[in-house]
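Have a look at the picture first, and then read on.

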Amino acid sequence: MSRERGKRITLAPVQENIEKIKQVVEDGNYYGAQQMYKTFSARYISGDRYSDALDILQSGACLELENGQVTCGAELGLMFVETLVKGKFPFDDDTLDRIRKIYKKFPQISVPQNLDLADDDGIQKLSEALGAAKVRVEGCSSFLKAAIKWSIEFGAHRNGSPELHDMLADYLYSESPELDMAKVSYHFVRGKSPKKFAATLVNFMGKCYPGEDDLAVARAVLMYLSLGNLRDANFLMDDMKKQVQSREFDFPRSELIQFIIYLLQTLQRDALPLFNILRQRYKSSLEREPILNELLDEVAWKFYGVRRRNSMPGMFGDIFKVLTFDLIS
């Protein structure tokens, strides 16, 4: 006990150290500053001063990110979350706001357009921009996934904080050099912004390849339904149709979209036979992407108590193993 007290006595006030390291950042020694943030935060943690450690890590993450040091900033952000876990901090609005402040410091930079790809210099610039975007997305994703896991463990919704899911979905969509709408949708359906999700899908419809738009819509609706969330599934469809009309382009028309429309109507009543008929009638459309049938198995369980069939083999496997692994890895 006396040793612990000794540690606490020798530690300077946290703000004094924050100002000291801030000067190192302003001098451009970003790596040196990062090592100082890590060293000082470890000292505070060893002295059971978790709140002080959080202050120094939040300051470091924000300053490094403000200066474009994404790798350093993301690592300090991750350490911030790890300290929340070590200190057993409960999920609350104040801590969520601190995570949000770090998140907002992650750069949002558009990939350069209209580069001359016939020119070596243009190809080099595009390659560098895509590489930098990948680093930003990986850093922000690691930080927010860790925060979601913390929120599950320490008092948020069983799926994690909806606000954190919305942040991750938005960053993945706006910044990913290789867009994966399945991942974006996974987080949006666990968020609390179906209107923002609808706007994102409409934006995607306007720039995706032919045949990707109806799959994105169907996947999104079925993800909501696989969570038993019929309300937001209906809202999503209705709001997308309104937004498409205001932009004066057509909502996707296909057998798959027709299936989704009939399915939403069917789930509003006790109609398991009709549910099964619909799956059989639109079997070929549903086989366009194996994940759709995986989701429908979960919908059958949620709405009608029908146990899920054996998981389908192949690259998708079980929907929850695939997508949850991405969340927690």
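Helices here are DSSP runs of H or I with at least four residues, numbered from the N terminus. The expected span of a helix is 1.5 Å times one less than its number of residues. This is a predicted model, in which local features need pLDDT of at least 70, side-chain atom pairs count only at pLDDT 80 or more, and totals for chains, interfaces and linings use all residues. Residues are numbered from 1 along each chain as its sequence is written, and side-chain values use heavy atoms, leaving out hydrogens and water.

Start with H4, residues 50–66. Its 17 residues reach 24 Å from the first C-alpha to the last, close to the expected 24 Å. Of these 17 residues, 13 are buried (under 20% relative accessible area, with a 1.4 Å probe and protein chains only; exposed is over 50%, partly exposed in between), so H4 is largely enclosed by the rest of the structure. After H4 comes Gly 68, with a positive phi near 80°.

Now visit two loops. Asp 48 sits between helix H3 (30–46) and H4; it is not a glycine, yet its phi is positive, about 60°. With a relative accessible area of 42%, Asp 48 is partly exposed. Lys 88 lies in the loop between H5 (70–86) and H6 (93–103). Its phi, near 55°, is also a positive value in a residue other than glycine, and at 62% relative accessibility Lys 88 counts as exposed.
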